[in-house]
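This briefing concerns the arrangement of domains in a protein chain and the contact between two of them. Please consult the sequence and structure shown below.

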Amino acid sequence: MASKSRNHASSNSTDDAKSKDLERSRARPQGEALRTNQGVKIADNQNTLRAGARGPSLLEDFIMREKITHFDHERIPERVVHARGSAAHGVFQVYESMAEYTKAAFLQDPGVQTPVYVRFSTVQGPRGSADTVRDVRGFATKFYTTEGIYDLVGNNMPVFFIQDAIKFPDFVHAVKPEALNEMPTGASAHDTFWDFVSLVPESAHMVLWTMSDRAIPRSLRTMEGFGVHTFRFVNAKGVMRLVKFHWRPVLGSYSLLWDEAQKLAGKDPDFHRRDLWEAIDRGDFPEFELGVQIIEEKDQDAFGFDLLDPTKLVPEELVPVKIVGKMTLNRNPDNFFAETEQVAFHPGHVVPGIDFTNDPLLQGRLFSYTDTQISRLGGPNFHEIPINRPLSPNVNNQRDGMHRQTINVGQASYEPNSVSDAWPRETDPAAQDGGFESYAEPMEGTKIRVRSESFADHFSQAALFYQSMSDVEKEHIALAYQFELGKVTKPEIRARVVNEILANFDAELAATVAEGLGLPKPGKGARAAGKQKPSPALSLLNRAVPGIKTRKIAVLAAAGSDGAAIRSVQAALKAEGATPLLIAPTLAPIDGINPDATISGMPSIMFDGVVIVGGEQGAKTLAQLGDACHFVLEAFRHLKAIAALGAGKELLSATHLPDKADGVSMGDDGNVDAVLKPFIEAVGQHRVWSRRQLAATVPA
Ligand code: HDE
């Protein structure tokens, strides 16, 4: 689809504050002569300076030398994890003041918009890897608040693989491509990952999440986000409460099917990045509501698990998620490298009113993120890079270092001083004038390396998650374990996962996976978790939101298709907020309408539903075309809604699909609305789940 003009935040948005700040650094070449980095105009950008037309190049050519030298140093190290990412600008606004819970300025006034920059990422693959791999997704938000930067650096899953930061390098080495041969890219389906997690039972819960549909999101715009750790809210009176952060996409949460995810990784490795970019570009701004689970200090031990343990979630049925505000992503970045690659998140970037807990994973993260930026961004001054600059001034006595931009004026670079009347000064806590004060948690203890007993139960919440899934989701989970373990070459690792991990949280799942791998039926796990009280909120099928807003619909046609039908289908779908695209065998106009893409250029895996339009000649052409048949068969197999108008049903007949199937509507050309009504309802359900047994018999 041709990209339309860039959407920028509306002018009354305070996102303009960050946009104006960035303006200082934007370079716009329109009307400018080409110049060197030293500002000298360039007369010839085609030829190196030579001794004679066929002679050797001259070292003297400062223009060529400068250009090539800069080019040689264009790359910076990619992130150790979360290297592949896509980001957008936006704004955040609270619905009502949160003063009762926190003094954080950006959570006080519903009239104030705080600029944000959000980067979504995969974890395992390198910067150029595919978007749709099975993986955790990062969901990192930088709030440019009036009190400084606040970063909420979360994931799309509410728990983590390990309980203690000291295990992170081991975990990452195990999941990353193997050291011997740098394989596989963007996948956890290999020996070292499963070896590690089979030996580390605390990973059981999170591994289960990554085997679920959560690990193959339909879009970055429809993923939930979670802060994972328990944090603290502190109000102006100093009252502390514990808090878990959630992001809820307004459009609901949906996933791909595994077959789609794998095919998309080849046919459009940028599938998620493109979807985010195009949605913002056409004005369908992604919206996420911020939710908090707030726990009174006195209740912190009431859950039967430890709130400091990052492998545990707090079921919403126990502590409801209070929706407190909304984030709208309304502007694409100007420059991928300058913004998305250089943005530096850090869970330690907090503002007064938000504080840390002793979660040992969080505590380790507080060290890691600055440390990694120093080598990734080349020194300690990365806070001066435009995308990382706070809107509040960063005045202090830190000085110099690689790539320093600020020209600090004056004699004093120390404190206390008398040479500049003691400025800059600390704030006065008594005056409550905005200085950060750590929550004064009473503390006493023995210096010791132990894991708290309260972190010992690794299987109950895995059982809780599994038992909360719908049948469809359970099937997907079993298939995911079978697929991943099927790629593991060492039989003892496969057996260990089944017998020592799965058997401890679900006997049925363990048996199904064992069967798929040709392993003996496992016995009851030595630490088997029992029946849990399900948490319906964990099932993605309960996270769908009615409607088809922003859904991509293929309108399939060919030369000779009915132009009037194309127009009315497109209008009807647009009226529902969907994005219909005309897909045809070639890009030649059909009855004066230009197709958006060809059948081979945009296969059915890129759409949420298919409408085949009528017109005898067009339908005949499609019915005789293998690619068009494949398009429909694949959509059918992937449980997508299909509608055929008039002669369009010839294409369905050519595919030999059954005459009647759930989620397939047919009817007269003259009655577009009647055919589209059930179609729109079915797209709104995301998938026609009731069709899945039939669909499994269809080759595609
Ligand atoms: Fe990260 N993580 N992480 N992580 N993480 C990084 O920081 C680290 C963890 C998360 O879009 C790195 O700038 C340690 C949990 C996101 O730029 C690095 C531990 C969660 C992103 C790092 C964790 C996350 C990162 C790599 C265990 C979810 C991408 C480059 C103690 C709550 C941010 C960088 C972006 C990135 C370290 C565990 C989320 C190496 C040591 C838990 C979303 O510093």
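How many Å apart do the C-alpha centres of domain 1 and domain 2 lie? In this predicted model, the C-alpha centres of these two domains are separated by 32 Å. Five residues of domain 1 and four residues of domain 2 take part in the contact.

**Domain layout**
- The protein chain is divided into domain 1 (85-160 + 213-388), domain 2 (475-533) and domain 3 (546-695).

**Buried area between domain 1 and domain 2**
- Between them, domain 1 and domain 2 bury about 410 Å², and carbon and sulfur atoms account for 58% of that area.
- On the side of domain 1, the residues that lose the most area to domain 2 are Arg134, Asp213 and Trp258; together they supply 76% of what that side buries.

- The side of domain 1 that touches domain 2 consists of two nonpolar residues, one polar residue and two charged residues.
- Zero salt bridges are counted between domain 1 and domain 2.
- One residue pair is in polar contact between domain 1 and domain 2, with both residues at pLDDT 80 or more.

**Annotated span**
- An unreviewed UniProt entry carries the annotation "domain: Catalase core" for residues 35-423.
- In the model, residues 35-423 are 21% helix and 19% strand, and the end C-alpha atoms of this span lie 41 Å apart.

Key:
Residues are numbered from 1 along each chain as its sequence is written. This is a predicted model: local features need pLDDT of at least 70, side-chain atom pairs count only at pLDDT 80 or more; totals for chains, interfaces and linings use all residues. Side-chain values use heavy atoms; hydrogens and water are left out. Domain bounds come from an automatic or database domain assignment. Contact means heavy atoms within 4.5 Å. Buried area is the accessible area (1.4 Å probe) that two parts lose on being put together, summed over both. A salt bridge is a side-chain nitrogen of Lys or Arg within 4 Å of a carboxyl oxygen of Asp or Glu. A polar contact is a pair of N or O atoms within 3.5 Å; within protein, one must be able to donate a hydrogen and the other to accept it, and residues adjacent in sequence count only if both atoms are side-chain atoms. Ala, Val, Leu, Ile, Met, Phe, Trp, Tyr, Cys and Pro count as nonpolar, Asp, Glu, Lys and Arg as charged, and the others, Gly among them, as polar. UniProt positions are given in the numbering used here, feature names are shortened, and annotations may be inferred rather than shown by experiment. Helices (H or I, at least four residues) and strands (E, at least two) are DSSP runs, numbered from the N terminus.
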